[in-house]
Amino acid sequence: MEQYKLGDMELKFAKLIWAHAPIRSGELTKLCQEAFGWKRTTSYTMLKRLCDRQMFVNEKGTVSALMTEEEFRAAQGEQFVNETFNGSLPRFIAAFSKRKRLSSCEIMELKKLIDEYEEESHD
């Protein structure tokens, strides 16, 4: 099981939690019944799966997020680059830009990110 690879329903479930967290687990099961037609046991099984991946925590019946959706997306991207390009962001960008030409706006945005990173690393 890859930590940041989710199936379609796992992602829909995670988004439901992010939209309502912190939420009581009983209330979450009701939302899952309404949104997905799930039984209570299905909701708890799915919740356990995502808690095992350290995305959420269920403490004393309250489900909270351990990472935001943005943090999750960043971790997904990092995992993809690590697995596919041996952790090399330049190799990823080179491969990406061979198939899709970067616009001047995208190039400027990348330069800005690099400049900001360099400034932060000098502090």
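**Entry 1: the sheet**

I began at strand E2, which is joined to strand E3 (residues 62-65) by 4 bridges, the two running antiparallel. This is a predicted model, in which local features need pLDDT of at least 70, side-chain atom pairs count only at pLDDT 80 or more, and totals for chains, interfaces and linings use all residues. Residues are numbered from 1 along each chain as its sequence is written, and side-chain values use heavy atoms, with hydrogens and water left out.

I noted my terms. Helices (H or I, at least four residues) and strands (E, at least two) are DSSP runs numbered from the N terminus. Two strands pair if DSSP finds at least two bridges between them.

I then looked up the whole sheet. It is open, has 3 strands in the order E1-E3-E2, and its pairing is antiparallel. Strand E1 (23-24) and strand E2 (56-59) stand at the edges with a single partner strand each, so one side of each has no neighbour in the sheet.

I checked partners next. Valine 57 is opposite serine 64 in E3. E1 is joined to E3 by 2 bridges, again antiparallel. Arginine 24 has threonine 62 in E3 as its bridge partner.

I also looked at the hairpin of E2 and E3. It has 2 residues between the strands, and lysine 60 there takes a positive phi near 55°.

**Entry 2: helices on the sheet**

I asked which strands helix H1 (residues 8-20) lies across. It lies across E1, E2 and E3, at about 65° to E2. Helix H3 (residues 40-52) lies across E2 and E3, at about 120° to E2. Axes are lines fitted to C-alpha atoms, for helices over the stretch in contact, and angles run from 0 to 180 degrees between N-to-C directions.

Leaving out residues up to four places away in sequence, it touches residues including Ala14, Ile17, Trp18, Leu50 and Val63. Contact means heavy atoms within 4.5 Å.

**Entry 3: leucine 89**

I found leucine 89 in helix H5 (residues 89-99).
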